[in-house]
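My entries follow in the order in which I made them.

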Amino acid sequence: MTFRFIITVLCAVKILCAVSWGCRLKAPNFKVNKPAAANGNNPIDSQDPPGTSAAERELIEKIMSSNVDCNGAPQAGKASLRLLTREEFQNTARDVLKVKSDYRQQIPVDIEVLGFQNNIEAGKISDSHVASYLEVAIKIADEIKPNLSNLVQCGSDANACAEKIVDGLAPALWRRPLSAPERTELVAFYSNAAKTAPNEALTSLLARLLVSPYFLYRSEVGKTGSLTPHEMASALSYFFWGTVPDAELLELAKSGTILDEPVLLAQAERLMKSDKSQYVLKEFAAAWLGYRKIYSGSKSPTLFPQYTKEIQDAMAAEAENTFVHLMTKSGSNFASLFKSDYSIGSAALAGYYSGKATKKDSLDVISFADSPRRGVLGLGAILAATSATTETNPFRRGHFVLQNILCHVPPPTPEGLVVTPPAPDKELSTRERFARHSAVPACSSCHKQLDGVGFGMEDFDAVGVHRTGESGKMIDDSGTLVGFGDRDLSFSGAAGLSEILADSRHAKRCFVTQWYRYAHGHMEKESDVCAIRSIADKFESGEMTMPQFLVKLITHPSFQKRGN
Amino acid sequence: MKPILKEISRRNLFRYLGNSAVALPFMRTLLETQAFGEVVRKRAVIYYYPNGNIPEEFFPRNLGSDFTLPRISEPLQGIRDDIILMKNLDFVGSTHEESMNYAMTGMERFKAGISIDTVLGDMLKEGVSLPVLRLGVFSQIQGQPNYRTASFFAPGQPSQIEDNPTRAFQNLFGDSTSQAIGLSTSMRKSVLDASLGDLRNLQSTMGSIEKVKLDLHVESVREIERRLQTGAAGDGMASQCSKKLKNPTVFEDKGERTSPWYRPENFATVVDLNTEIALQALACGATNVVYIQNSHSVGSMPFANGAPSARGDDHHHTSHYNEFKTRDDHIANQRYFMTKFAELITGMKAIKEGDKTLLYNSCVMAWTELGDSQAHNVRDMASILAGQAGGYFKTGRIVDVARAKQNRVLVSMLRAFGSNAEVFGNPSFGSGILTNLQG
């Protein structure tokens with residue numbers, strides 16, 4: 001005990017520690033550095049990781065602040081080409097070409113930015129992308145060739161078939177009508193191929209359609225400052241359902257009436273109402289809550305024998321189904337995301353949590369009325385994904401809440417600081433071991449915020465089970481939310497934190513910002529601030545249900561209008 | 001052996017440099033590079049192993065050529081004449097993942113940069129179908145995305161790495177067993193040409209909108225066309241070019257939640273297959289640059305008795321020796337990677353090229369992201385240089401690089417391949433070559 005105390009004191013006075021314990025300082029007279037500023041004021045040019053530059057923090061402040069003059073501010077989104085994600089690519093091939101094989105593993109990996117897989121800046125095509133797309137295109141062509149008659153009315157005349165493919169499949173794959181020169185070029189492409197390599201001509205034509213930038217990118221560029229009817233139809237369809245527009249949307253795009261506001265709203269509502277909108281809800285949940293990350297880590301089978309593969313799968317299902325339910329149930333609202341005292345989960349999972357398995361309109365429901373498990377912070381998948389193999393990680397949990405729920409990206413560890421995780425110690429709780437690090441002055445300025453949240457969630461263990469004790473002591477789950485409001489807010493346990501977040505202005509406006517990022521496919525810029533504010537103001541007022549919020553987001557002028 | 005003339009065009013540079021002010025000095029030196037004539041084709045291999053090392057169990061006590069390898073580096077005994085170990089080498093980073101992102105770019109704290117494999121690949125792509133072959137084992141799964149990334153094809157853009165060796169091999173040499181599906185080379189070129197036409201039309205309507213994206217796309221298509229033109233694989237330079245695998249384990253993608261090449265019981269098989277594939281790719285002249293990534297920082301694959309295993313202890317946990325398992329356990333685990341690295345080097349030495357060997361004509365660099373795994377620092381990095389790069393490096397020695405940073409190792413590599421570069425990545429981390437690598 002005395003030895004540890006001495007080391008802590010030595011570290012606190014910035015003397016180089018001789019042993020690996022806590023924060024090791026590389027050199028004396030250590031100073032905490034501010035995070036590096038972005039190159040220039042445009043966050044797009046920043047070389048810093050997303051969210052960490054001073055310019056980006058300023059934008060979040062503007063979104064959160066009560067005093068920003070947005071009168072007459074233009075609200076146009078960014079003209080962009082959005083690379084199809086793996087899911088979107090597969091869904092498109094499935095719905096247009098009726099492919100049965102799963103090509104997702106052969107399509108390049110989506111690059112994740114702050115949780116999102118659909119970031120337009122990250123969605124760039126390298127040479128290995130081109131090679132992969134070419135191979136997949138050829139494979140798809142070979143898969144569907146024998147059954148082309150299912151897709152186009154095709155007789156035995158291969159040339160006529162080619163024209164049917166051009167007229168039928170090309171516009172569907174490219175998600176817009178062909179221009180006359182395009183049609184001519186495609187027909188000529190086939191004819192040339194048929195002359196030089198007749199056996200390969202059809203495959204070439206199909207492959208040529210699938211490696212075109214017109215297929216690989218979803219155009220959200222606009223004409224004369226607004227999305228075209230076909231772009232709007234595509235945008236709605238990929239947003240809600242992750243796939244090409246259906247016949248009804250295509251009709252409205254063809255006539256142009258999709259851009260009439262009542263029609264646009266009605267279509268957005270139709271898509272949101274359909275069960276197929278589970279697509280967008282699950283994709284957003286994966287980005288916002290990171291629940292799929294439980295598959296990236298493992299848990300100690302000796303410490304957590306109950307955490308089986310089945311439970312892991314059940315948790316992932318619980319996270320997505322609960323989010324879908326809370327977003328679409330009657331009276332859906334922000335507070336219920338954090339305060340709901342039940343989840344949609346299996347009976348096995350109910351047993352694992354010691355919750356009560358019940359039913360609600362034929363849905364398997366787990367009731368937590370008798371336990372302190374509430375909302376998304378009570379989802380096993382989130383609690384497990386923010387923990388390590390053998391124990392919780394309060395810093396990671398704090399980071400998750402700050403970054404994902406409150407849109408505050410903590411600054412990176414100061415330069416020159418060597419980060420060492422705390423050694424195991426059976427006599428100390430996780431909180432006690434981690435608290436040593438945070439007590440060091442070089443660390444405490446940031447850790448005040450991280451720890452305040454993370455330590456307050458220690459009432460749930462590394463595999464999402466509620467606990468009252470650890471290492472033979474009572475759990476100390478007292479926490480503080482620092483820096484979001486007029487004063488620091490104290491709470492007890494994850495449920496206590498959830499109470500605060502349910503009513504938090506910051507959390508609500510962050511939720512809107514996160515959805516804006518998902519819908520637009522990029523981190524916000526100066527020109528997005530007023531649009532986000534106007535949607536956030538309405539969201540905060542509580543006038544909209546969640547479906548209404550999503551409809552508003554996707555039909556908002558900032559989405560329809562596009563600038564450079 | 002054909003001469004290699006390399007002039008780095010402005011257009012290629014654009015693809016790499018973006019708007020990075022930091023890269024400007026690099027740009028200047030690359031532009032000053034003269035076309036050089038080399039008689040022999042040089043190759044580069046970069047080999048990553050996870051979770052750090054234990055310096056006192058890796059580095060011999062003394063400098064020079066008369067050294068005794070301690071326990072972790074002991075598996076390198078058979079290749080000791082062909083390696084250089086660098087004492088007092090440092091990386092930059094506060095965490096596993098910062099160091100992972102730094103090691104091949106020379107850029108700190110996740111700042112955007114292009115990595116050495118991409119640069120070397122572009123320098124050496126004349127006459128090969130694939131500028132860089134990137135093979136992984138469990139490299140694209142587990143953990144956060146930035147833990148897994150060391151290679152970037154453009155600033156801030158992670159390179160794709162192939163974790164399925166079956167697919168990697170098929171992409172290199174084609175699937176000789178299946179029926180002829182697919183398209184001929186000339187038809188593939190037509191398909192790509194047509195996409196270039198689409199890109200041109202799109203660019204003309206877009207003006208400055210998404211210019212960077214479309215320019216990069218055009219470059220990428222042109223690169224694949226160049227590859228098609230060069231042919232699937234060059235003339236095998238050695239009888240060792242068989243375009244066949246000795247152990248043709250086939251990993252099929254049946255759309256399962258855990259693909260077979262990601263199952264722990266197959267980890268070791270994938271490692272061995274990657275070694276074979278790398279050797280074949282180099283022997284057959286399919287590429288001049290190979291990057292092998294064994295897992296990634298904080299890699300958690302199970303190990304038992306010093307080898308990958310279906311059930312075992314988390315590799316990363318064990319690397320925190322004295323906390324979860326023992327020091328001996330971590331030593332045993334890292335001996336595994338040393339053994340595998342030695343097998344790769346031995347394989348390269350067995351490939352004859354005239355009166356020399358593939359290894360002689362190559363520069364190989366092995367690295368890991370932490371210095372001492374327990375202390376969690378980035379000092380005394382257990383990197384290994386192997387091969388003589390056509391006589392540029394003098395091997396069989398332990399040298400002291402006096403706290404130089406990795407940036408200068410990367411510069412030394414570039415210079416071994418004929419570049420005039422003085423800096424790589426963040427210039428404040430040092431400039432110039434490490435002269436003692438040359439003897």
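Entry one. I began with A:Cys70 and found it joined to A:Cys530 by a disulfide, S to S 2.0 Å. A disulfide here is a pair of cysteine sulfur atoms within 2.5 Å. I then placed the two ends: A:Cys70 is in the loop between helix H2 (54-64) and strand S2 (77-78) of chain A, and A:Cys530 is in helix H22 (residues 529-540) of chain A, so the pair ties together parts 460 residues apart in sequence. Helices (H or I, at least four residues) and strands (E, at least two) are DSSP runs numbered from the N terminus.

I noted the basis of the model before going on. The model is predicted, local features need pLDDT of at least 70, side-chain atom pairs count only at pLDDT 80 or more, and totals for chains, interfaces and linings use all residues. Residues are numbered from 1 along each chain as its sequence is written, chains are lettered from A and ligands numbered from 1 in the order in which they are written, and side-chain values use heavy atoms, with hydrogens and water left out.

Entry two. I looked up the torsion about the S-S bond of A:Cys70 and A:Cys530; it is about -85°, so this disulfide is left-handed. A:Cys530 counts as buried because its relative accessibility is 11%. The cut-offs are under 20% relative accessible area for buried, over 50% for exposed, and partly exposed in between (1.4 Å probe, protein chains only).

A second disulfide in my notes joins A:Cys407 to A:Cys510, S to S 2.1 Å. Its torsion is about 80°, so I wrote it down as right-handed. A:Cys407 is in the loop between helix H17 (394-405) and strand S8 (417-418) of chain A, while A:Cys510 is in helix H21 (residues 505-520), 103 residues apart. I found both cysteines buried.

B:Cys241 is in the loop between helix H8 (211-230) and helix H9 (267-283), and B:Cys284 is in the loop between H9 and strand S6 (289-294), 43 residues apart. Both are buried.

A:Cys446 has 24% relative accessibility, so I listed it as partly exposed. B:Cys363 is at 1%, so it counts as buried.
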